[in-house]
Each structure stands twice: as structure tokens, then as C-alpha cells.
Amino acid sequence: MAQSLELLLIQFLMPDNDARRQAEDQIKRLAKDPQVVPALVHHLRTAKTPNVRQLAAVLLRKKITGHWAKLSPQLRQLVKQSLIESITLEHSPPVRRASANVVSVVAKYAVPAGEWPDLLPFLFQCSQSAQEDHREVSLILFSSLTETIGDTFRPHFADLQNLLLKCLQDEKSSRVRVAALKAVGSFLEFTHDAHEVVRFRDFIPGILHAARQCLASGEEDVAVIAFEIFDELIESPAPLLGDSVKSIVQFSLEVSSNQNLDVSTRHQAVQIISWLAKYKYNSLKKHKLVIPILQVMCPLLAESGNRDDDDDDLAPDRAAAEVIDTMALNLPKQVFPPVFEFASISSQNSDPKYREAAVTTLGIISEGCLDLMKDNLKAVLHIVLGSLRDPEQMVRGAASFALGQFAEHLQPEIISHYESVLPCILNALDDASDEVKEKSYYALAAFCENMGDEILPFIDPLMGRLLAALQNSPRNLQETCMSAIGSVASAAEQAFLPYAERVLELMKNFMVLTKDEDLRSRARATELVGIVAMSVGRAGMELILPPYIEAAIAGFGLEFSELREYTHGFFSNVAEILDDGFVQYLPHVVPLALSSCNLDDGSAVDIDDSEGDENVNGFGGVSSDDEAHDEPRVRNISIRTGVLDEKAAATQALGLFALHTKSFYAPYLGETLKILVRHSGYFHEDVRLQAIIALKNILIVAQAIFQGHADGLTKANEVFDTVLKIHIKTMTEDDDKEVVAQACMAVADIIKDTRFVAIEPYIGQLVDATLALLHEQSVCQQIESDSDIDEDDTAHDEVLMDAVSDLLPAFAKAMGPHFAPIFAKLFSPLMKFSKASRPPQDRTMVVATLAEVAQNMGAPIAGYVDALMPLVLKELTSSDATNRRNAAFCVGELCRNGGEVALKYYGDILRGIHPLFSESEPDNAVRDNVAGAVARMIMVHPEAIPLNQVLPVFLKVLPLKEDHEESMPVYTCVCNLVLSSNPQILSQVPDLVNLFAQVALSPVETDEVKALIGRAFAHLISMYGHQMQPILSALSPAHANALATLAPTS
């Protein structure tokens, strides 16, 4: 075989393709015989040309896995010996590396079996060799063997550490330094034990030293290996970096700001900063690195015009923007001042690139630094609105982008500046540059989305510009223009009616487009019809909808994911406005949504199976016998996000179809539930989020469907069990805060809407999940940082904790006084958020939660009054109106249910709330809640209240202006005092009659409240008779008539 194989190896290397194919076929046939192994070993050692020796090694690596077990001990020894010789005696580096690859494969089987005891001593010996080639190949082998027999190295870890440190500083050979860097990376990937991983901290100076030398000698590709190692170190949860973070940041900043280096090298450096900002941001704060980083990153944004289109993904300005954004999200207090200073100075720079960078940075940080941006909004807007008038297009475009970001993230405060912002955006819509126009439409869309009546004075000029642009602009501008019209329609609601017909007529033209390049416009048009439908309502839309629905259904045949996504959203809107009128469309639209939900995920996974030497000269053509043993490494996973967005939209649509058609959805319930259960565990959070929302809707619908069925209760309970268990699992195991928050809100709603007997079996699990979230120990709350974390400074998601806090009142409402033992467990973790060092919104959450628990749990809250009252009294003086409202409500509920314990605080409470009755209190809702608190106090302990002093102040703030949930306690209190003929209230008769008249005429007060007022008014008439006539005559006819209908005076 040896002779024929040699000829075939030579033939395989010929340029003639036919000859190569013949040789490959023959080699495959011979390779099935175990004797191919000694033959290939022979050619590895004796073939005259390096190419043949290299090919023999490559084939040996591929075939030896399948044949190793069949070889005799003598042949195995021959293979091992020959490989060692090839590594030490071979002159050709490619052959030496190919032989090292074979050693890795053989060692995988021989070392664990105790058949190669001298391999490790040999490698240590090679690493000490005077020959550069030997040192290099030993490190290459250490790298590759780590993946296969890493456990064998554990007893020698300290020796290996010393060896790698020494090789990292090898002054004689850059190849050895490169191999050492790679070996460090391999060991780092292999090592998971925290104590072992921490030792890699000692490597950082050596890695930095080696990387700097490589950059100095032009070996940028080697320096990049250092960054790859830092990637591994940063992503590890173990505390690896310590003080070395300073030197890593310094080196990364040097490289990222060096314009002489390759763009990909600089990108890697910026990426390190980005990872640090994401995973180790507390280290950056601790070592005072935030400002030095921003001093480099912000100016990098001014490089935006220096790149070729091919370099877009690697451009330093894009990577720098990501760093600034991440740092703003994680360290807002530290980021805002230096960025605002950079923006203020750079906005005056003569270089337009710096003026562009100034407003771009403000746009970038608006999400993370939203609270500080809101506090400084006037100064920030001064810069951005000024930049909208800049002579340079790039600056005006960046300013429009920044305004769009503000509109998205700085709600609702940004809306109060509409008088200065909207005219500027309107002017920008007429800009000579299409790019500026496009960004201005985006800014307009984002700004108008959250407006209400404020938009009314601007509708006409806005719609004039937008309708004109819609008919006379290129496609990309038409698309952003449609988004802006959608936002105007959402804000204007019924006021949009005069423009709806024209917009809908124009959309017909877009909804029949079929060319690939027009399908995005068709998608936007489909979305816009749904938004307009929501504004116009069922009465105005039901009869004209059919052609739009037909066009939307036809669009599914065009195989464009974004169009399908927007069409699902359109159908969702239509279902919402039509309710039972949507039933006729279910047979057409449900299968489309199910089809999108069942689409292939579209994951594309690239497997890295190359060894570096096999594709040289086409060696990769000969396949391995046993691919399963190769354990390829996943190099990259890319996702077609369009499919994800489509799945999320379809999942949402199914839930809304069910919710709005109720029992008519019965034919689709089983298949929908199956998909939603599957999607609740989907790999992407957007789909999981929609599944969690839709499952709650399905639960409502299932109960309607199964009502009255013979086995309906059993089936409804099965759905209930499925849905609740998924929500509990999501609360504890999901890693996305928004998904978990949605699960908490859904569970709170389910608890409120369900009889306690149904949820009782799940209470233990629900309480455990809630406790984990309050302790911030749930999966979604795990902090990946190596820094010392100040408990009072722990970052958490406000939306998540608000959702978690909704669970406690839900429990209390369902369980009443029986909630007491559970509340005892939850109380301390909840109160952690009330510390003075916590932000105001945390205390808002705590006080609101306590108030609702006190309201629903009843008497057991008395045990907590002494612990809570100091906090609540303090919050009455908060600068935040929401906090004052919640505190006033909480005070009232603590007094109502706190029994005798609360009585001792009445004096402090009255002193605390007195200022909130005055004109100096700017918030009507605060006054309403204060009135509610006083009403509760009077009803529980009227003897403890100086009514002669309190009633005039109390009645002066009535009727209630905003919070009509306080109507029952407030007006019950007033009417009870009247009906009991309390002398203090009877002295206020003129004010009472005026109050009763206003309540009687109010369109927002309930019949129950008005009936109360009627009885009290009738009592006054019975007591005073004709004496009331002058007071009644002073009322307006409308008020007098309203009162008369409640309690006729004659």
C-alpha cells in the first residue's frame, strides 16, 4: 500500500483536476483499511517534498480516529514516536503544525488510557528548547490539547502558568509570543473553576507587553489576539481584572484613538471598552475610568465621514457610539456631565464633524441618562434646536436624529416643549437634504406619538406637509412620512377624522404594490391603515375596511417578512376596533398568523472545522470517516431578525384575535394554545414577551368558551394550570426583565380576576417567585460584574420592580386578612427599596404597594403601622407629586385599618397634610388623595379630629378634580356627617349645597355616589325646608335641575 499511496499523494497535488479527482477516489478507497495509518506515517517521515508530508499528516488526522482502536500496540507506539520525531526534526513549519494536529487527535484517546505518559514531559522539554520552532510547536500543542485532554493539565497548572508567562515575554521570537497568546486563550476557555481563573490576572501585564511589541513591529494581527483574550476575561463572572482594568483600558484607548492602525484593530480595541462598559461597569466607576474613556470615545464620533462604505460595520465612530450608549445605560450619573460638557463645547467647533458629534452624543445618551436629561432639558434642547439650523447637512441630520431619540426616551417632559420643538421639526421637513428630511420625519413620528390635545393647533400644517410629501417624495421618504402620519393620527384621535379619507385613499395605491423594492412601502401603508382605523373607530371604518383587508391578505403571497409582520399588526388593530365584527375574518387571518408562528427560525450557524493547513493547496477535499469525533466549534450564529419580528407580531395577533372574538375563537383555541406554550420558551425575548401577554388573553377566552360545557370546568382548569405554571416559570427562570415584568403583571391580573380557591394551590410557588424578585436574586436580575457592589446603588429595572410590587396588592385583595403571614415574609425585602439612598421612584413603588396592601389586607396592617408611619409622613413632603399622592392615600388606609395603633399619629398626620390643602400644592390629584385620607380618618375616629378646624379646609378642596377613586370615601364621609346631623357639618350648609350640586351635575361621578348625595341633600331639605330656598336660588339652572333629579324639593 505504501508505494501506491505515495503515487496517489503526489497525483493529488497535481494541477490537473481530473487527475486529482481520480487520486481522491483511490485514497478514499484505501483509507478504509487500518493499514493506511502506518503507510501515512511512513510518508509523513520519508516523503521528499514538504507538500506530500503535509498532505500525509492531514489525511492521518482525518482517518486515525476511525482506525485507532484497531491498531496493535506496536503500531500505536510507532505512530506516537513518528509524530514526536516529525515535531522535533521536521524543517517545514506547515508540516510541523500538521503533525501537531495529529498529536491532538491521538492524545484524545491515548492519554486518558494511560498509553502516552511521556507526552507531557516532552512538551515541557520542547517549550524550554533553544530552537524557536520547538518552543512554538509545544505552545501550539498545549493550545489544541487543552480542548481534548485539558483535565490532564490540571495537576500542572502552576507550571503551565509560569511557562506561558515566560513565553509571553520571549524577546527572541514573535512566533513564540503569538503561540503563547493563543495558548493563554485556550486555557482560559477551558478553565471554569473560579480559583483557577483568577490566576489569569497575572497574565495581563505580559499580554499587554506582548501586544504593544507586536503593534510596534507592525504585527497588528497578533495584537488582536490579545483583545480576544481580554474578551474572555471580561465576560467571565469571576473577579479577574482587579486593578489591571486600568492598564487594559489605557491600552485599548491608545489603540482605538490611533488613526494609523487598521480599522479592524481599532474596532477590536473599542469593543473591549464596550464589553467592560457592559459587564464590568462598576470597575470603570471604581477606578475613575469613565471620564478618560469618554474623552476618547466622544471625539471618535467625529470620524464619521472618514470611512469607506465597506468599513461601516467596523467604523470606530459606530463602535464608540455603542460604548457611550452602554455606559449611559449603566452609569448615567457619571456619563451625563462629561458628555454634556463635550456637546456644549463641540457644538461651537468650527469643524462640522465635531458639531455633528456634539448632537449625536446627546441623542445616544438620552435613553440611559433620561432622568438627568429631563432635569437639564432646556439646556440640551438649546444645543440640538440650534444645530437644526446649522449650515452643514450632516449636523442638521444628527440634530434631527437626536430630537427623535429625545421624543422616544424623554417622555413626558419633552412634550411640554412642543411649542419650541414642533416648529423646528416643521422647518426641517422642508430641508434641501433628503437625509435631513428622513430623520425629521422620524423625529416627528417619535414626538407626536405621545402627544395628546397639544397637537391640535399643529394638525393642519403638519398634515399639509405630510400629504404633499407622501405624493412627491422618493420611496424611503414616503415610508418615514407614513410613520409620521401614523403618529399624528394616534395623537389626534377623533380630530384626525377630516384627514382620514384622504390618507386611506392614498394608501390604496401603496397596498397594491408588488415589486420587491416597493414592498417595504406597502408594509408601512398597511400599518398606517390600521393606525388610522384605531383613530376613526368602528363606526367610521367597518363598511370601508373589506378592500383593505383583501389587499392585506393578498400581501402574504409576496414572501416578504416585514410585510407579513406589519399585516399581523394591521389585523390586530382591526380586531380591536371591530370586536365581534371581526369574527367573519377569523377563517382567513388565523391560518396566516399560525403559519408565521410555525416558520423556520432562520438561524444560520457557521461551523469552524478548518485547521488552517487543510485548505492550503485544496487539502480539505478528503472527508473524515467519523465527523462526530471532530467536535467542531460554533464560530458564529446569525439570526434573520425579520422572521423574529414576524413571529412576535403573529403571536400578539393570535392573543388579540382571541380576546376580541371571545367564544367565537373556539375552533382555533387548541392550536393557538399549543403555539403560545411553545413560544413562551422561545429563544428570543420579543417572541416570549408576546406569548406571555397572549396567554393571559387565551385564559380569559378559554373560560368564556368552556362556560356551560359538560366538562367545561375541567378543560378550563387545564388551561388555567398550563398558563399559570408558564407565568411562574417565567418569573423565576427567564433572563429578560421585560418578559418577567409582563409575567408579573399578568399574574397580578389573574389573581385579581380569579376566585381564591383557584389560585390557592399555586400560592406557595407564586410567593417564592415574588420573594426571589424582591431579593433581586431571580435569573433576570443576576449582575455580571466583578466589582464591589454597594447594596444601595444596585441597579434594577424600574418597570420590573413596579410589576413585582403589583403582586402584593393582588395577593392581599384575593386573600384579605389571610395574606398576613405571607406579607410578613415579603415586608423586609420590600422595605429595602424605601431607604433614603434609593431613588424617589423606588419609594413611590413601596408606598403605593403598602397603601394597597393596607386597603385590602385589613386589620393585620396594624402590626406594621409603627414601622411604616415615619416613612409615609416623610413622603408627604416629597418633591415628587406622585410620592405625595401615594403617601396621602397610604396614610388614609393605615388610619382606616390600623386600629388604635394609628390613633396616636393623628396629630402628626394632620400637621403633615395641612400644607397639601393649600394653593401652594400644584397637583390636584394630591389634594384629592389628601381629602380621601381625612375622610377615612373622620369615619374611623371622628372624635379624634377637630372638625371645626378641619371641615372648612376639607370642604374647600371639594369637589374632587382628578382622582375619582376617592369619591366613595370622601362623599360617604360628608354624607354620613350630614345624615347624623353633626353640628359641625351643618354649619357649612351653603357650601354643602353648592358641593352637592356640582357632584350631581358631574359626568364622571357614578350613580352610587350621586345616590349618596341625593339622600344627604334630602335630609337637609327635611331639616331646613324653606330656609334652603335662597341657597337653591343662587344655583345655576343646570345645577339646580341636577340636584332636583336626585332629591325633589317638593
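Between which two helices does the loop that holds Pro-412 lie? The close-up views below, taken from a predicted model, begin with this residue.

**View A. The cis peptide bond at Pro-412.** Pro-412 is found in the loop that runs between helices α23 (393-409) and α24 (418-428). The bond that joins Gln-411 to Pro-412 is a cis peptide, and its omega is near -5°.

**View B. The cis peptide bond at Pro-959.** A cis peptide bond leads from Leu-958 to Pro-959, with omega near 5°. Pro-959 belongs to the loop between α49 (947-956) and α50 (967-979).

**View C. Positive phi at Glu-559.** Although Glu-559 is not a glycine, its phi is positive, at about 55°. The residue is placed in the loop between α31 (546-554) and α32 (561-578). Glu-559 counts as exposed because its relative accessibility is 64%, where the cut-off for exposed is over 50%.

**View D. Positive phi at Asp-579.** Asp-579, a residue other than glycine, has a positive phi near 55°. Its position is in the loop between α32 and α33 (586-597). With a relative accessible area of 34%, Asp-579 is partly exposed, since that class covers values between the buried limit of 20% and the exposed limit of 50%.

View E. Ile-10 counts as partly exposed because its relative accessibility is 39%.

Terms used:
Residues are numbered from 1 along each chain as its sequence is written. This is a predicted model: local features need pLDDT of at least 70, side-chain atom pairs count only at pLDDT 80 or more; totals for chains, interfaces and linings use all residues. Side-chain values use heavy atoms; hydrogens and water are left out. Buried means under 20% relative accessible area, exposed over 50%, partly exposed in between (1.4 Å probe, protein chains only). Helices (H or I, at least four residues) and strands (E, at least two) are DSSP runs, numbered from the N terminus.
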